[in-house]
Amino acid sequence: GRRILEALTTAYGRMIFSSGFIHGDPHPGNIFILEGGKVALIDCGQVAQLFREQRLLVAEAILAASIYDGSRGMIELLANCVRKFGVTFFDGQADEDACAASVALYLFGEKDVIFPGGYSKEEFSSKSPLRQLKSFPMELVLLGRASVLVKGVAARLGVDWSVAKKWAPLAKDAITALCSEDECRLPAWALQSAMHRDDAGVSERLRFRDAARGCASLVRRWGIEKAATMLASRKKEEMSKE
């Protein structure tokens with residue numbers, strides 16, 4: 001279970017902070033479990049692109065969520081990240097900062113985190129911060145799907161897992177790598193967090209040939225399953241005619 005979670009979390013972390021493109025439809029039918037606990041995502045019909053400023057905001061929110069302590073300063077930091085991303089709220093909030101911070105914690109916070117302002121973690125509760133949303137960018141919707149999926153898989157497997165803490169090293173590297181107004185530093189894929197470890201614990205960079213080999217294996221597997229399905233369907237039609 002931990003291997004699958006690690007692979008899924010790492011895959012989405014690299015998408016968010018390296019390429020800036022997010023697979024936005026991570027339901028179980030679009031996730032293939034490969035040998036060794038590796039994962040492959042198919043069906044890229046829903047994809048979102050995170051631009052430089054958006055990736056920086058996500059990185060800041062994740063780093064803040066990973067060390068959230070309930071202080072007013074941390075609440076304001078999370079709230080500012082959420083609002084700068086384009087999230088707006090209905091009028092009449094007693095404490096909009098608490099509401100905005102709760103949205104960030106819903107996406108990236110620990111499973112036992114206490115939301116500020118008395119807001120509930122339960123999505124359908126009358127005190128859910130999600131009920132106060134007036135506008136919510138599509139990029140955050142798809143990003144939220146990814147984080148909530150990983151949290152859900154961890155809960156189903158009974159594994160203690162922190163999305164924020166797992167993504168924190170990638171978030172730090174993204175802040176280091178992304179271009180400032182004056183210069184461009186290392187690309188995110190060239191940083192230490194872009195390394196992966198094999199079963200022996202040896203770190204090495206992802207090679208194109210390895211990615212191509214994995215892709216070919218996935219396509220071959222899909223083709224075999226598709227052919228088997230078509231054959232079974234044809235036999236069923238022939239039997240019904242008889």
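Leaving aside neighbours within four places in sequence, Asp-25 is in contact with Asn-30, Asp-43, Gln-46 and Arg-145, where contact means heavy atoms within 4.5 Å. This is a predicted model, in which local features need pLDDT of at least 70, side-chain atom pairs count only at pLDDT 80 or more, and totals for chains, interfaces and linings use all residues. Residues are numbered from 1 along each chain as its sequence is written, and side-chain values use heavy atoms, with hydrogens and water left out.

Asp-25 sits in the loop between strand 1 (21–23) and strand 2 (31–33). Asp-25 counts as buried because its relative accessibility is 17%; buried means under 20% relative accessible area, exposed over 50%, and partly exposed in between, with a 1.4 Å probe and protein chains only.

**The whole protein**

The protein has seven helices and eight strands. Helices (H or I, at least four residues) and strands (E, at least two) are DSSP runs, numbered from the N terminus. Of the 242 residues, 39% count as buried. The protein exposes about 14200 Å², of which carbon and sulfur atoms supply 55%; accessible areas come from the Shrake-Rupley method with a 1.4 Å probe, and for residues only the protein chains shown count as cover. Among contacts between residues at least 6 apart in sequence, 59% join residues at least 24 apart.

**Helix 5**

Helix 5 (residues 138–157) has 20 residues and reaches 29 Å from its first C-alpha to its last, close to the 28 Å expected at 1.5 Å a residue. The expected span is 1.5 Å times one less than the number of residues. The buried residues of helix 5 are Leu-140, Leu-142, Leu-143, Gly-144, Ala-146, Ser-147, Leu-149, Val-150 and Ala-154. Gly-158 follows helix 5 and has a positive phi, near 70°.

Ser-147 and Gly-109 are 38 residues apart along the chain, and their C-alpha atoms are separated by 9.6 Å. Gly-109 lies in the loop between helix 4 and strand 6 (133–135). Its relative accessibility is 5%, so Gly-109 counts as buried. Not counting residues up to four places away in sequence, Gly-109 touches Ala-65, Ala-104 and Lys-151.

**Pocket and cavity**

On a 1 Å grid over the protein atoms alone, a cavity is a set of points where a 1.4 Å probe fits but cannot get out, and a pocket is an open set with protein on both sides within 12 Å along at least five of seven lines; lining residues have an atom within 4 Å of a point. Grid points are joined across faces, edges and corners, and a volume is the space filled by probe spheres set on the points.

The second largest pocket holds about 580 Å³ of space. Of the 28 residues that line this pocket, the closest to its centre are Tyr-106, Lys-121, Val-148, Lys-151 and Gly-152. Helix 4 (96–108) and helix 5 each supply at least two lining residues, and helix 5 gives the most, with nine.

A search of the whole structure finds two cavities of 30 Å³ or more. Leu-57, Val-58, Ala-61, Cys-81, Val-82, Phe-85, Ala-104, Leu-107, Phe-108 and Leu-140 line the largest cavity. Helix 2 (52–66), helix 3 (72–84) and helix 4 each supply at least two of its lining residues.

In the table, Ala, Val, Leu, Ile, Met, Phe, Trp, Tyr, Cys and Pro count as nonpolar, Asp, Glu, Lys and Arg as charged, and the others, Gly among them, as polar.

| Space | Volume | Lining residues by class |
|---|---|---|
| Second largest pocket | about 580 Å³ | 17 nonpolar, four polar, seven charged |
| Largest cavity | about 70 Å³ | ten nonpolar, no polar, no charged |
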